[in-house]
Amino acid sequence: MSEPDVDLEFGYSLSFPLPFRVFALTSLGILAWATNIHGLDNLGVDVVSALDLRVGDHHSPSQRYWPDSPRKADVTVLYKNVYRIFITYSVWCLVSWTTFRSLSQGNPTLVDVYGYIPAVFALLTVIILLLPFHVLFKPERDKFLHAIRRCISSSPDSPVYFADVVFADIFTSFAKVLGDVFISLRMLFPGNSLLEPPADHGWTRWIMPTIMSIPYLVRFRQCVIEWLSVDNTSRRPLANAVKYATAFPVMYLSAAQRLVVSDLINEKGKQAAEEAWHGEHPLFRLWLLFAAINSLYSFWWDVTNDWGLELLKPGSKTSGRPLPPRRLVLPHLHSGTALLGSHRPAPESEDHLAYPFGLRPTLLYPLPVYPLLVFLNLILRLTWSIKLSSHLHSKSEGSVAIFLIEVAEIVRRWMWVFVRVEWEVIKKARETRNTGRTSFSDTDEPEFELITTPTMEHEIDP
């Protein structure tokens, strides 16, 4: 790295230390969730039912908002409260950072003198999150804490709700942020500095990958619970569990790269420590192999299973013939689930329906959105190994790039949520239509509510 680049990185760490980057990324995550709910609602998706959001007793996951109940959530209030949390938290972060900057004055010595400021801010934030009084968004704080509790400590006999799946998947995108929290805490210890991450020696090199693996372990556990469920007849949950399991070797082999550097220093001298590529070492090649497997497998799973697109599905039959869009409707059944369906009877099979290459018969968003999201998802998935690999950002060099990669991952997950919820809603719509053919007579049909967003909804007809 050239001297100007070193000065740039040092100035970046001086003005925007790692703890404040963690605060900023958390704020961005809150904003992303608010816009997810807001955007899905604007597109005509009943977000409360689609995500199985619950009311009342938070210890009872089966208690939901029912479409015909007076306790049904006002989704506008729901996302406005999240926006308010984002604004309040962001102002709180800005006040903390401004105080730190005004006192430290860009002086490297004073940066560590006033390093207690982000620590106090973080401590107060945790206290507010756990505050038992009915102030400062108490309902939202309780829902957040109970969501964490359900994901981590729910009984193996309990069902895995779609909301908890989305929640845990979002947290996998914050795996590196969790690692940054651990590094930030170590920076505040006596003898360490906010300007440079502390060095790892011995067993301490394994702590950070263990912390970063927690969100993946949670999702892995959810997949295993789904697979072992008495109602499950598919191997898909097991294949999904394998996907999350492929992240563990990436993180732990990354932590083992210090052994690679030590071996190469003994063989080639101290200059080997400055090199980023150690392809001649078998441990490095093994890490690279698992990084590629994790990135490509995760990309395939996103496109094929989480989004339901036909692009990478073996033996899929699609047609590139341009077809006119067809309006969708959203049935509100007494099952409490928001669905996308057809205002006319669905065909017995969708196999004969023609639709643009690589997509699917039912689409909620404009056609150009899907290839763009697939392309961006591929690019950002290929940075996955960098985000999960502590040895690539163990020094202050490259901290700007790592921060931008973390921002990009949050943006990728934000886009992922829109299509993931869309596909879940479509699958439920198909199940409802299939059930309706046998459960309803000609005079006893489900009640449908037409969604007035024709420019954003497409169902492809032959």
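Mentor: In this model, residues 81-100 are 100% helix and 0% strand, with end C-alpha atoms 29 Å apart; helices are DSSP runs (H or I, at least four residues) numbered from the N terminus, and strands are E runs of at least two. The model is predicted, so local features need pLDDT of at least 70 and side-chain atom pairs 80 or more, while totals for chains, interfaces and linings use all residues. Residues are numbered from 1 along each chain as its sequence is written, and side-chain values use heavy atoms, without hydrogens and water.

Trainee: How far apart do the end C-alpha atoms of residues 283-301 lie?

Mentor: The span of residues 283-301 is 100% helix and 0% strand. Its end C-alpha atoms are separated by 27 Å.

Trainee: Which element gives the most to the nonpolar patch?

Mentor: Trp92, Leu103, Tyr116, Val120, Leu123, Leu124 and Ile127 make a nonpolar surface patch of about 610 Å². Two or more residues come from each of helix 4 (75-104) and helix 6 (116-130). The greatest contribution, 5 residues, is that of helix 6.

Trainee: Is Val120 buried, partly exposed or exposed?

Mentor: Val120 is placed in helix 6. Buried means under 20% relative accessible area and exposed over 50%, with partly exposed in between (1.4 Å probe, protein chains only). Because its relative accessibility is 43%, Val120 counts as partly exposed.

Note on methods. Patches are made of residues with over 30% relative accessible area and no salt bridge: like charges are joined within 9 Å, nonpolar side chains (Val, Leu, Ile, Met, Phe, Trp, Tyr) within 5 Å. Accessible areas come from the Shrake-Rupley method with a 1.4 Å probe; for residues, only the protein chains shown count as cover. A salt bridge is a side-chain nitrogen of Lys or Arg within 4 Å of a carboxyl oxygen of Asp or Glu.
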